[in-house]
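Hi,

Here is the structure I said I would pass on.

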Amino acid sequence: MAVRIDPSILAADFANLEAEIARVATADLIHVDVMDNHFVPNLTLGLPVVESLQRVSPLPLDLHLMISDADRWAPVYAETGAYSVTFHAEAAADVVATARRLRQIGARAGLAVKPDTDIAPYLELLPEFDMLLIMTVEPGFGGQSFMQSTMPKLSRASEAVAASGLDVWLQVDGGISEKTIELASAAGANTFVAGSSVFGAENAAEQIALLRELARSAAGAHTH
Ligand SMILES: O=C(CO)[C@H](O)[C@H](O)COP(=O)(O)O
Ligand SMILES: [Fe+2]
């Protein structure tokens, strides 16, 4: 089973992003948290920085938009050439129309839900998405504790994806470390965002390898 590790640059040195991305070159994707101080109470980076990262990153960019008015802005971010654009269900008026726009532009379309948002209404829309992001912390800040209470929702999504036969990735984001990744993998996640646990490690490549190995072995435990 494919396991993807996506370091979140929220935990990197923002003055040296190109060098920081080089430290995690053995990962699969670079996770970029865009926050607008409106949808979430924090402000990170926007289009000019995403465009610059797009020019220098050897790995595909996985944009996580924590911004209001996702219907309007998600396609604009996709136009930067990003590999994947994930927007929040809570921030979009028409999730299907927005996902279709993203795919038309050539990006993978991801749909994110906060810990308290039910995933059930979106599971019948699986063919419209390439990825579901089940947040495992309240979006807004790095370094928070993994919320195990989100695991039943992840299992439910995993069962729906398996039943559909579609290759929709299941991503988790928030508090993913060597202590929590097996739980998320056993519940069906295959795409793991890790900020502080990767960028906070002395040897980021070793930490990525460890997370990958733990996720792989725990995935074997998962049965539908
Ligand atoms: O979307 C996010 C926060 O809203 C980040 O991607 C996430 O928090 C990663 O940080 P950490 O691994 O340190 O929890
Ligand atoms: Fe994120």
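First, the housekeeping. This is a predicted model, so local features need pLDDT of at least 70 and side-chain atom pairs count only at pLDDT 80 or more, while totals for chains, interfaces and linings use all residues. Residues are numbered from 1 along each chain as its sequence is written, and chains are lettered from A and ligands numbered from 1 in the order in which they are written.

**Around the ligand.** Ligand 1 has 23 residues around it, and S8, P139, G142, G195 and S196 come nearest (a residue is near if its C-beta atom, placed from the backbone, lies within 6 Å of the molecule). Two or more shell residues each come from β2 (30-35), β3 (61-66), β8 (191-194) and α8 (196-199); helices (H or I, at least four residues) and strands (E, at least two) are DSSP runs, numbered from the N terminus.

**The annotated positions.** UniProt, in an unreviewed entry, lists H31, D33, H64 and D173 under "binding site"; such annotations may be inferred rather than shown by experiment. They are spread over 143 residues of sequence, yet they cluster in space, with a largest C-alpha distance of 10.5 Å.

D33 sits in strand β2 and counts as buried because it has 24 C-beta neighbours inside 10 Å (buried takes 20 or more other C-beta atoms within 10 Å of the residue's own, exposed 12 or fewer, partly exposed in between, with C-beta atoms placed from the backbone). Not counting residues up to four places away in sequence, D33 touches S8, L10, T44, H64 and M66; contact takes C-beta atoms, placed from the backbone, within 7 Å.

H64, in strand β3, is buried too, with 27 other C-beta atoms within 10 Å. Leaving aside neighbours within four places in sequence, the contacts of H64 include H31, D33 and D173.

In α9 (residues 204-219), the buried residues are A204, Q207, I208, L211 and A215. Seen down the axis of α9, they fall within an arc of 100°, so they line one face of the helix (the arc is that of the directions from the helix axis to the C-beta atoms). Their cover includes β1 (4-7), α1 (17-23), α7 (181-186), β8 and α8.

In α4 (residues 95-105), V95, T98, A99 and L102 are buried. These fall within an arc of 100° as well, so they line one face of α4, and they pack against α3 (70-78), β4 (84-88) and β5 (108-113). Just after α4, G106 takes a positive phi of about 115°.

Cheers

Notes: Contact = placed C-beta atoms within 7 Å. Expected span 1.5 Å × (residues − 1).
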